[in-house]
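I opened my notebook to look a few things up in this structure. Here is what I wrote down, entry by entry.

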Amino acid sequence: MSTQQKDLSYFRLRLQELLNSSFPEKAHDQKFIDQRSSWAANAYEVAFRWGNVVEQCNEIANYILFENLHFSKFDTVFQVVCNEFDTLMADEELRPFALKMFTVCEPVFSNYKLTDDFAYTYEFDALYTEVTGTIAIWIEKNGLQ
């Protein structure tokens with residue numbers, strides 16, 4: 001296996017792991033995964049050829065691999081479910097319920113300008129509250145199903 005193929009597999013696996021855990025809406029987008037991991041592997045290789053140390057090469061590749069993937073809508077919904085509704089269900093039910101609520105809460109996110117550092121802004125508190133309310137209303141109407 002060539003170094004390029006090995007690097008590509010490494011970057012693809014790292015990206016897939018992040019998408020599976022925090023960006024389920026992108027987890028099956030093979031074109032996105034292939035393109036991002038290829039770009040990251042190429043950037044790493046070029047940076048290395050230019051004499052950068054391994055840590056710098058990794059930093060450059062990671063920047064490309066994870067660009068615009070720092071703020072996760074799903075992680076926000078999951079955080080709300082775990083913090084506000086955890087007493088209503090067993091621990092193993094939290095993630096599946098958050099996945100269901102993710103589609104319910106999707107319209108809420110359109111009211112905000114989401115950036116990679118959004119979680120550190122004052123607007124995040126308003127979003128958190130709105131997501132909490134959306135889930136509470138859904139549970140009131142539908143139960144925990």
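Predicted model: local features only at pLDDT ≥ 70, side-chain atom pairs only at ≥ 80, totals over all residues.

**Cysteines**

I looked for disulfides, taken as pairs of cysteine sulfur atoms within 2.5 Å, and the count came to zero. Residues are numbered from 1 along each chain as its sequence is written, and side-chain values use heavy atoms, with hydrogens and water left out.

I then checked cysteine 82: the closest cysteine sulfur, in cysteine 105, is 13 Å from its own, too far for a bond. For accessibility I used relative accessible area with a 1.4 Å probe and protein chains only: buried is under 20%, exposed is over 50%, and partly exposed is in between. Cysteine 82 has 24%, so I noted it as partly exposed. Cysteine 57, at 0% relative accessibility, counts as buried.

**Aromatic rings**

I searched the whole structure and found 11 aromatic pairs. Rings of Phe, Tyr and Trp (its six-membered ring) pair if their centres lie within 6.5 Å; planes under 30 degrees apart are stacked, over 60 edge-to-face, and the rest tilted.

Phenylalanine 11 and tyrosine 44 make a tilted pair, with 6.2 Å centre to centre and 55 degrees between the planes. Phenylalanine 11 belongs to helix H1 (residues 3-22) and tyrosine 44 to helix H2 (residues 30-49), so this pair ties together parts 33 residues apart in sequence. My helices are DSSP runs (H or I, at least four residues), numbered from the N terminus. Both phenylalanine 11 and tyrosine 44 are buried.

Next I looked at phenylalanine 74 and phenylalanine 102: the ring centres are 6.0 Å apart and the planes at 80 degrees, so the pair is edge-to-face. This pair links helix H4 (residues 73-84), which holds phenylalanine 74, with helix H5 (residues 91-109), which holds phenylalanine 102, 28 residues apart. Phenylalanine 74 and phenylalanine 102 are buried too.

I also noted a cluster in which ring pairs link Phe71, Tyr112, Phe118, Phe124 and Tyr128.

**A charge over a ring**

Lysine 26 lies over the face of phenylalanine 32, at 4.9 Å from the ring centre. My rule asks for NZ of Lys or CZ of Arg within 6 Å of the ring centre and within 35 degrees of the ring normal.

Conventions
Helix = DSSP H or I, 4+ residues; strand = E, 2+ residues; numbered from the N terminus.
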